[in-house]
Amino acid sequence: MDQILMALRSANPNLSIMEVTDSSFRQYGQLFPHFHFPEMKRYIYEKTPVPADVTCSPELMAMEEAVQITQHVYGETACQVGYFSDSPDQLNALEYHKCSELLVEFEPCVIFVGQIWQIEQDSLNVADLKVFYVPADTCLELYATTLHFAPCAATTAGVRQVVCQTATTNTPLHHPERRDLTGENKYLLQRNKWVLAHRDAAPMFDETVWFGIEGENLAVIPVAARKA
């Protein structure tokens, strides 16, 4: 068993952390073990700051490795390749998109996931979520029906990831004045981004966010990073 996962389970006995290779993950997404992104990894570590949250990076989009994403995952549909680097340690919110999201995790991390049909009466309890450990250098797809948010850092090295979605996802709404409290429209925070937030995370969002997460704002205690 992965030594980091063992240490995580010991440090977080309140969480039932499963391996992302477990068959139970198949209802949330899939893995791409044959995809490799060494050029993108070098760029993220050598050319980008921490923290960082870039929706679409022209530098990553121009790399030959991006073809694995644009051609083989999104089937030539217009998409964007960006990156995220930080050290999140709490759930804070759940989001979904009307498209899959591809993640390339260069550091080990922990993801909280659920499914959109678990939202009832505009809320979801954290007891319904599953927790998965994602090893370093893993490429995974989260389906459009999967609730998720920023991964939590598994180690003190933080989160360093490439993030891919259909083009213009997570960008400002063109017509925010059309947003109302009808149906799921009340969760719409940005383009192709529906969010249910935890009240403890209110400072992270503007006043239009929908608070729909019930229960504890789940946290992950990271463990020491392994030396290279």
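The buried residues of helix α1 (residues 3–11) are I4, L5 and L8; buried means under 20% relative accessible area with a 1.4 Å probe on protein chains only, exposed means over 50%, and partly exposed is in between. Helices are DSSP runs of H or I with at least four residues, strands are runs of E with at least two, and both are numbered from the N terminus.

This is a predicted model, where local features need pLDDT of at least 70 and side-chain atom pairs count only at pLDDT 80 or more, while totals for chains, interfaces and linings use all residues. Residues are numbered from 1 along each chain as its sequence is written, and side-chain values use heavy atoms, with hydrogens and water left out.

**Exercise 1.** Work out how the buried residues of α1 are arranged around the helix.

*Solution.* Start with I4, L5 and L8, the buried residues of α1. They span an arc of only 100 degrees around the axis, so they sit on the same side of α1; the arc is taken from the directions from the helix axis to the C-beta atoms. Now turn to the other side of α1, where Q3 and S10 are exposed.

**Exercise 2.** Classify the ring pairs F32 with F35 and Y43 with Y83.

*Solution.* First, the rules: rings of Phe, Tyr and Trp (its six-membered ring) pair if their centres lie within 6.5 Å, and planes under 30 degrees apart count as stacked, over 60 as edge-to-face and the rest as tilted. The structure holds 9 aromatic pairs. For F32 and F35, the centres are 4.9 Å apart and the planes at 5 degrees, so call this pair stacked. F32 counts as buried at 10% relative accessibility, and F35 counts as buried at 9%.

Next, the rings of Y43 and Y83 have centres 6.4 Å apart and planes at 75 degrees, so that pair is edge-to-face. Y43 lies in helix α2 (residues 38–47) and Y83 in strand β4 (residues 79–86), so the pair ties together parts that are 40 residues apart in sequence. Both Y43 and Y83 are buried.
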